[in-house]
Amino acid sequence: MQATSNFGVQETHGILNRFQAEFRGSSEGLGWSSAYASVQRERPFDGHFHALSDNLMVLHRGGPVDITYVMDGKSVARQIPRGGVFFLPAGHTCNVVLREALESTHIYLRSDLFAGRDGAANLIGGLAPMLGNQDAVLEHLAAAIGETITGGLPASSLFVDPIAQAIANRFVAINFHKPSVEAGKHPNLLSNRQMARIREFVDANLDTDIRLDQLAELCGRSTEYFVRLFKATSGVSPYQYVLNLRIERARALLADETQSLADIALACGFSHQEHFTRMFRRFTGVTPGRYRRSH
């Protein structure tokens, strides 16, 4: 697994802050790079989990509770027992309606944890969401992560990283479905180096009109084949990927109150402030102005 920067709350959905959860503790400031975790009592809420480049696991430490999930236009109502697990892979979105208070542990996992055995192929594209399934191994591992926050176990990344890797391995073991292999000599996934090159290019040109042929050229592929490879590797389309990064950049820039919303919209590649506001609300559930005031 490649070294990454500290995993902070600004890289999460931030939904618990929006609905005033009662936090028991989090990994913020502990220097973890492979995971971010928090332990809390959640209040009932109706919220949107936008697509991220990393993965979210939620362990229900209480229950049963009634929850409605809306994913890919389909609504699923379930009563989730104690020990139930919600898993949202990178690139997926979900609306969640929690109808009663819940003791929970949230664990965000870097996508690098889901690399294949050779370290090159990323398995995210073969993982599906889980809506409250029970698994004793995941429950045990997530509980150990929670204990590092509440003080019962060591909180160093040296202790946590192997647990985070074990959680990722478990999801792959019970929830991975190999995508169909495309005929031909080319691999059906982009390499980590190619993905890093794309990320570097997008970050450097986020304020411009990024074109699909530019991204495909970086990987030496036709645009049609590149789209298939990219989605199989990342779990999202190139458009969704760039849009996610635009929203991430906007969230960071909103911390600087000297910058107007119109300037931030242009700096993040949105055509105008109205477009920025519409997309930001779709991803975060609030307008840029309200997000700035609440943070």
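**View 1. The largest nonpolar core of this predicted model.** This core has 26 residues, and the ones touching the most other members are M57, I107, L109, F114, I145, I167 and F171. As a general rule, nonpolar side chains in soluble globular proteins tend to be buried together.

**View 2. A second, separate core.**

**View 3. Helices α2 and α3, packed together.** Take α2 (residues 136-150) and α3 (residues 157-175): their axes sit 10 Å apart, at an angle of about 160°. That angle makes α2 roughly antiparallel to α3. The crossing of these two is left-handed. On the α2 side, look for V137, L138, L141, A142, A144, I145 and T148; they meet F159, V160, I163, A164, A166, I167, R170, F171 and I174 of α3. Sorted by type, the residues of this contact are 14 nonpolar, one polar and one charged.

**View 4. Helices α7 and α9, crossing.** Now for α7 (residues 238-253) and α9 (residues 273-284), whose axes come within 10 Å and cross at roughly 95°. These two are therefore roughly perpendicular to each other. From α7, the contact uses Y239, L243, N244, I247, A250 and R251, while α9 brings F276, M279, F280, F283 and T284. The tally for this contact is eight nonpolar, two polar and one charged.

Methods. Residues are numbered from 1 along each chain as its sequence is written. This is a predicted model: local features need pLDDT of at least 70, side-chain atom pairs count only at pLDDT 80 or more; totals for chains, interfaces and linings use all residues. Side-chain values use heavy atoms; hydrogens and water are left out. Axes are lines fitted to C-alpha atoms, for helices over the stretch in contact, and angles run from 0 to 180 degrees between N-to-C directions. Helices (H or I, at least four residues) and strands (E, at least two) are DSSP runs, numbered from the N terminus. Angles under 35 degrees count as roughly parallel, over 145 as roughly antiparallel, 65 to 115 as roughly perpendicular and the rest as oblique. A crossing is left-handed if the near helix is turned anticlockwise from the far one by less than a right angle, and right-handed if clockwise. Contact means heavy atoms within 4.5 Å. Ala, Val, Leu, Ile, Met, Phe, Trp, Tyr, Cys and Pro count as nonpolar, Asp, Glu, Lys and Arg as charged, and the others, Gly among them, as polar. A nonpolar core is a set of buried Ala, Val, Leu, Ile, Met, Phe, Trp, Tyr and Cys residues joined through side-chain atoms within 4.5 Å. Buried means under 20% relative accessible area, exposed over 50%, partly exposed in between (1.4 Å probe, protein chains only).
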